[in-house]
Amino acid sequence: MMKLPPLNSLPVFESVAGLLSFSKAADERNLSQSAVSHQIRQLENYLGEPLFERKGRKTTMTEQGKQFYETVYATLTTLERGSEEIKGIPS
């Protein structure tokens, strides 16, 4: 059996990582900032590693976060392309 991370948190993580902002990611995902923080905390708990460093209003990715972002971004992009192919949407 596969041991996958909480899948709902992956697009949220991708948004926070891409924007380096919990509040902007919340706006992008139509979620509350609290919901975004909860998703990231859930993912960090699953991985056992912090993905972001939060200092006041500044958010940066940890080395583990950067590494995980590469995997998540590539995986979500592959899923998006596969879905578009099946739906008949050209890339």
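Q: What does lysine 66 form a salt bridge with?
A: Lysine 66 pairs with glutamate 63, and their closest N and O atoms are 3.5 Å apart. A salt bridge here is a side-chain nitrogen of Lys or Arg within 4 Å of a carboxyl oxygen of Asp or Glu. This is a predicted model, where local features need pLDDT of at least 70, side-chain atom pairs count only at pLDDT 80 or more, and totals for chains, interfaces and linings use all residues. Residues are numbered from 1 along each chain as its sequence is written, and side-chain values use heavy atoms, with hydrogens and water left out.

Q: Where do lysine 66 and glutamate 63 lie?
A: Both are in helix H4, three residues apart, about one turn of the helix. Helices (H or I, at least four residues) are DSSP runs, numbered from the N terminus.

Q: Is glutamate 63 buried or exposed?
A: Glutamate 63 is exposed, because its relative accessible area is 57%. The cut-offs are under 20% for buried, over 50% for exposed, and partly exposed in between (1.4 Å probe, protein chains only). Lysine 66 has 39%, so it counts as partly exposed.

Q: How many salt bridges are in the whole structure?
A: Four. One of them joins arginine 29 and glutamate 14, with the closest N and O atoms 3.8 Å apart.

Q: Which helices does that pair link?
A: Arginine 29 is in helix H2 (residues 22–29) and glutamate 14 in helix H1 (residues 9–19). The two residues are 15 apart, and the pair links distant parts of the chain.

Q: And glutamate 14, buried or exposed?
A: Glutamate 14 is buried, at 18%.
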